[in-house]
Amino acid sequence: MNEAKGKRDNWSGSLGFILAAAGSAIGLGNVWKFPYITGMNGGGAFVLVYLGCVLLVGLPIMLCEFTLGRHTQQSPVGAFQKLCNKSARNVPSARLIGLLVIFAVLGMICFGSYGYAALLAIFGILIFRCGWVSVGIVSVFSAATILGYYAVAGGWTITYIFRALGGGLNFVDKSAAQEYFKSIAGDPLISVSAQVGFMLICGLVVWFGIRRGIERVSKILMPILLFMLFILIIRGLTSPNAMGGVQFLLTPDFSKLSTEGALVAMGHAFYTLSLGMGISITYGSYLDRQRNIFLSSLAVIGLDTLIALMAGLAIFPALFAMNMDAQEGPGLVFQVMPMVFNALPDQIGWLWCAIFFLLLAIAAVTSGISLLEVCVTFCIDQFRWERRLATLCATLVISAFGIFCALSVQDWKYIPWLQQALFTAFGEVRGNFFDVVDVFNSNYLLPLAGISTSIFVGWIWGTRRAVNEIRHGANNFADIHIITLLAGLKNDGRRPATEVVWTLASLWGIFIRFITPSAIVITFLHAIGWLKLGA
Ligand code: PHE
């Protein structure tokens with residue numbers, strides 16, 4: 001138990017690791033976002049593009065993160081520290097970039113954007129002083145702040161389970177559903193206590209460590225999640241008019257697919273795979289060298305995509321059966337879905353609601369614990385704290401931060417000073433604090449951390465060292481010739497595989513050095529509005 005002084009905890013095997021990593025990836029995004037964006041962007045055509053993005057950006061970066069974690073056996077911060085000490089090459093470039101960023105601050109001050117100037121100054125100093133280690137620091141910061149607002153939504157799912165069981169979700173029309181959602185999200189007492197409750201559940205799991213906590217819980221919860229999805233799919237598909245929903249989701253309509261849609265797919269690939277916030281580095285750091293990280297990454301990505309598609313199959317047929325609109329986000333799951341379940345002809349709407357919200361809560365908890373674990377591992381590795389102390393502190397600090405997210409969901413009236421402060425600093429405030437934290441992380445920090453990780457592994461640490469790490473436990477998988485693999489001649493054995501150039505390892509190297517960073521830059525520029533492509 002005492003990891004700081006004793007042996008580091010670890011996963012008992014590949015299955016536990018894969019289920020835990022998949023648990024992190026499969027979250028609210030799979031249920032409330034993927035089906036919707038698929039429907040809006042050309043159904044099956046979008047799914048193809050999304051799969052492309054997952055393979056283009058998701059898989060290469062996930063491999064980078066797992067490799068960094070397993071090689072260093074450290075938290076994201078420790079991982080970069082350990083690798084940077086060995087090569088001093090990072091220093092001059094870091095100083096240069098840091099200085100450039102600090103210069104940009106002057107420009108911002110001239111334009112009167114003090115909030116952005118302060119943010120950039122922090123970044124500049126961080127890069128100047130810590131070099132690549134700042135990527136790790138930013139990842140841990142993202143994990144903590146994302147958990148702050150994620151726990152608020154997680155708390156709602158738990159509240160809804162209880163209400164469903166008590167028959168309280170029997171809305172007949174949209175305004176009743178909206179009113180009810182407001183009464184939960186807008187009530188400070190309910191909102192904050194649900195959020196704190198969610199944090200306590202995550203804290204309890206992380207308290208018990210990797211093997212006895214996270215792994216055990218994932219092994220129980222993930223099969224339950226899959227089972228409940230099956231039930232909901234069967235219910236959905238047997239409703240009248242269900243095929244309309246299936247067609248909406250899966251029929252490829254290439255005319256609806258725009259460049260815009262491709263960028264949406266890319267951004268979502270990042271978010272849904274939980275990349276850029278140090279989760280895969282942290283989970284990888286508890287993995288031993290006999291495990292195949294290449295196949296594990298494929299399994300995690302496969303499971304995440306499968307569940308996203310299944311969620312679409314559970315939601316759309318029922319939605320179409322009841323002639324309801326698809327909409328994204330909390331509105332879809334907290335308002336539209338309870339109405340849909342209640343309107344189904346079988347009179348047991350409360351049961352479908354309870355199953356649906358339990359499923360959401362499980363998806364949210366397994367993602368929440370991965371975010372908390374990033375912070376806990378950071379405290380254990382950096383401050384040599386005991387796991388229990390680290391868990392306690394991380395849970396408390398993040399819960400305290402989350403209170404601000406919970407309080408601002410309906411409006412700012414409980415924390416007007418925070419809105420005022422943000423307004424003074426940035427000149428505008430879009431949405432509530434919950435949205436501000438989400439946008440800041442999803443649009444800026446995650447892509448930045450992702451691209452830096454990819455460049456770090458590709459150019460600074462070096463693909464050679466990285467591939468040597470991947471080779472452990474991978475049975476020469478990295479050295480298999482791609483053409484022979486595709487042709488089914490994998491074990492031909494006539495030529496040593498390392499002699500040929502087109503191996504999976506070299507393909508991965510090319511990706512993380514060139515293709516993945518370019519793809520992220522394009523998405524990033526689009527997300528911040530500097531690049532307008534297509535319609
Ligand atoms: N991957 C999760 C999802 O699809 C989202 C998530 C984001 C989870 C950040 C953890 C951390 O919902």
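Figure 1. Grid points are joined across faces, edges and corners, and a volume is the space filled by probe spheres set on the points. The model is predicted: local features need pLDDT of at least 70, side-chain atom pairs count only at pLDDT 80 or more, and totals for chains, interfaces and linings use all residues. Residues are numbered from 1 along each chain as its sequence is written, and side-chain values use heavy atoms, with hydrogens and water left out.

**Figure 2. The largest cavity and its lining.** The volume of the largest cavity is about 130 Å³. It is lined by 16 residues, of which Ser 24, Tyr 150, Tyr 271, Ser 274 and Ser 367 are the closest to its centre; lining residues have an atom within 4 Å of a point. The lining divides into 8 nonpolar, 8 polar and no charged residues.

**Figure 3. The largest pocket.** About 2000 Å³ of space lies in the largest pocket, a pocket being an open set with protein on both sides within 12 Å along at least five of seven lines. Among its 46 lining residues, Leu 119, Phe 123, Phe 440, Tyr 444 and Leu 448 lie nearest the centre. Helix H19 gives the most to this lining, with 14 residues.

Note on methods. On a 1 Å grid over the protein atoms alone, a cavity is a set of points where a 1.4 Å probe fits but cannot get out, and a pocket is an open set with protein on both sides within 12 Å along at least five of seven lines; lining residues have an atom within 4 Å of a point. Helices (H or I, at least four residues) and strands (E, at least two) are DSSP runs, numbered from the N terminus. Ala, Val, Leu, Ile, Met, Phe, Trp, Tyr, Cys and Pro count as nonpolar, Asp, Glu, Lys and Arg as charged, and the others, Gly among them, as polar.
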